[in-house]
Amino acid sequence: MTTAVDRFRSAVNTRDLSALDDLFTEDIRFYSPVKFTPFEGRPMVLGLVGVLLRTFEDFRYVGEFAGTAQTSVDGAEAPAAVLLFRTTVNGKEIHGIDMVHLAEDGRIKEFTVMVRPQSAVHALGEAVLAGLVADGLVPTE
């Protein structure tokens with residue numbers, strides 16, 4: 001059986017943003033390594049993922065772990081997956097993980113990204129902010 005996590009990986013690998021629309025719940029939360037509060041709601045998260053797909057160079061998933069974990073919003077136990085990735089942003093190599101929690105209907109309800117090293121977090125934050133501003137998803141500061 002193909003899961004939302006499998007479909008997400010496939011969409012990211014092919015950079016097919018349109019394939020992601022029905023994978024996210026309406027109230028999805030995306031926890032970023034460069035912003036304290038989450039990005040919320042399907043339109044915002046789809047916009048953010050679009051910026052990420054344009055920003056990442058040579059993005060690739062290199063591993064996956066599946067199980068269950070508590071969500072950040074309500075602490076409920078939910079099916080979850082951890083996707084290990086490697087990419088480059090503005091010449092900085094990034095090692096990271098995507099932690100994905102699924103809703104009861106199988107769609108993605110929570111997404112948390114963690115990356116290393118710190119210099120890569122800084123490069124990623126600058127590049128993503130520029131993309132979000134350019135796409136009109138956040139105001140200029």
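Buried means under 20% relative accessible area, exposed means over 50%, and partly exposed lies in between (1.4 Å probe, protein chains only). By that scale Arg29 is partly exposed, with a relative accessible area of 24%. This is a predicted model, where local features need pLDDT of at least 70, side-chain atom pairs count only at pLDDT 80 or more, and totals for chains, interfaces and linings use all residues. Residues are numbered from 1 along each chain as its sequence is written, and side-chain values use heavy atoms, leaving out hydrogens and water.

How many salt bridges are there (a side-chain nitrogen of Lys or Arg within 4 Å of a carboxyl oxygen of Asp or Glu)? The count comes to seven. Among them are these:

| Pair | N to O distance |
|---|---|
| Arg9 and Glu64 | 2.8 Å |
| Arg42 and Glu26 | 2.9 Å |
| Arg29 and Glu40 | 3.2 Å |

The salt bridge of Arg9 and Glu64 joins helix α1 (residues 4-13) to strand β3 (residues 57-70), so parts 55 residues apart in sequence are tied together. Helices (H or I, at least four residues) and strands (E, at least two) are DSSP runs, numbered from the N terminus. Glu64 is partly exposed at 34%.

Next comes the salt bridge of Arg42 and Glu26. Here Arg42 in helix α2 (residues 42-55) is linked with Glu26 in strand β1 (residues 24-31), 16 residues away. Arg42 is buried at 13%, whereas Glu26 is exposed at 52%.

Lastly, Arg29 and Glu40 meet in a salt bridge. Arg29 lies in strand β1 and Glu40 in strand β2 (residues 39-40), so the pair ties together parts eleven residues apart in sequence. Glu40 is partly exposed, at 47% relative accessibility.
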